[in-house]
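Have it open while you read.

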Amino acid sequence: MITKPPVITIDGPSGAGKGTLCRELSKKLKWHTLHSGVIYRSLAILALYDQVDTNSEGALIPLVSHLMHLHVIPKDQAIKVILKGRDISMAIYDPQTSDIASRIAPFPRLRQKILNFQRDFRVFPGLIAEGRDMGTIVFPDAPVKIFLNANTKARTHRRMLQLQESGVSVNFNQLLSQIQERDERDLHRSAAPLVITDDALIIDSSRMSIQTVVEVALHYTHAQFTKG
C-alpha cells in the first residue's frame, strides 16, 4: 500500500539534461516537478536584487521566506519562472546567476531551510525531482533514482545553446571553464556533494537523443514500480 506520493529523482552535473528529462517525464506521467536548481538560482537573483552579501550565510537565510512567491510554469520546451510577480526566466540561467547559486549552495543552514521547502513538493499523483542531491539527501527513499551524466564538452554545448536561446551571448571556452569549476565545487563541497547512489540507474546522455533518454528512463521507472 502506497502511503507516500512516489518520487523519481534525477541527479547529475550541470548541463546533463536533467531539466529536460524532468519535463518530458512529467508530460508522460502527468506528475508534478521540482527543479531544485531553480530554487538556488532564484535565491541568487533575490540576493542580487536586494544587494545581499552572498558570502554571508546569515544574510541569505531570510531570503528563503520569499520562495513562497516562486512559481515555475511548464512550457513546451522550457519553463517560465515567476518570482514575486517578476518574470525571471531570462535571468535564471545567466552565468552570473549560475556562479552565485553554486557558491551559496554549500551553506549548511541555508540548505536545511531549503530542504523543508523542497519536501513540500511531494504530493500525489507523484513528483519528479531534479538536482544534485535529490536521491541522496532530499528524497533518499525515492523508489526510482536516476543519475544523468554526459561528458563535459557535450554539457557545455547544450548549456551554450540554452543560453543563446535565452538571448545570452557566451564564449564556449569560457563556459567550459565555468562548468569545470562548478563540477569541482559540486563534487567536493562538504554539504551534500554530488554523488551516485548505489541504487541509481546511470544514464550517459553524451551521444543520446532526449527521446532515447526518456525511453530508457520510462522503461526503468515502469520496471521499478512493477517488480515484485
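Before we start, one term: two strands count as paired if DSSP finds at least two bridges between them. Also keep in mind that this is a predicted model.

1. **The sheet.** Start with the sheet, an open one made of five strands in the order S2-S6-S1-S7-S8, with parallel pairing. Its edges are strand S2 (32-35) and strand S8 (201-204), each of which pairs on one side only. Going from one strand to the next, the twist averages 20°.

2. S2 pairs with strand S6 (residues 127-131) in the parallel sense, over four bridges. If you want a spot to look at, find His32, which stands opposite Leu127 in S6. Helix H2 (residues 36-49) packs on the sheet here, touching both S2 and S6, and its direction makes about 45° with that of S2.

3. **Strand S1 and its partners.** S1 and S6 run parallel and are joined by five bridges; one place to look is Asp11, whose bridge partner in S6 is Gly131. S1 also runs parallel to strand S7 (residues 144-149), with four bridges joining the two. There, Ile8 has Val144 of S7 as its bridge partner.

4. **Which way do the S1 side chains point?** In a regular strand, side chains alternate between the two faces of the sheet. In S1, Val7, Thr9 and Asp11 point one way, while Ile8 and Ile10 point the other way. Strand S1 (residues 7-11) is mostly covered, with five of its five residues buried.

5. **A lysine worth a look.** Lys18 sits in helix H1 (residues 18-29). Beyond its neighbours within four places in sequence, Lys18 is in contact with Ile10, Asp11, Gly12, Pro13, Glu130, Gly131, Arg132 and Leu148.

6. **Pro95.** Now move to helix H4 (residues 95-104), where you'll find Pro95. Is Pro95 buried or partly exposed? Pro95 counts as partly exposed because its relative accessibility is 21%, and buried means under 20%. Leaving aside neighbours within four places in sequence, Pro95 is in contact with Leu163, Val168 and Gln178. Gln178 is 83 residues from Pro95 along the chain, yet their C-alpha atoms are separated by 8.4 Å.

Notes
Residues are numbered from 1 along each chain as its sequence is written. This is a predicted model: local features need pLDDT of at least 70, side-chain atom pairs count only at pLDDT 80 or more; totals for chains, interfaces and linings use all residues. Side-chain values use heavy atoms; hydrogens and water are left out. Contact means heavy atoms within 4.5 Å. Buried means under 20% relative accessible area, exposed over 50%, partly exposed in between (1.4 Å probe, protein chains only). Axes are lines fitted to C-alpha atoms, for helices over the stretch in contact, and angles run from 0 to 180 degrees between N-to-C directions.
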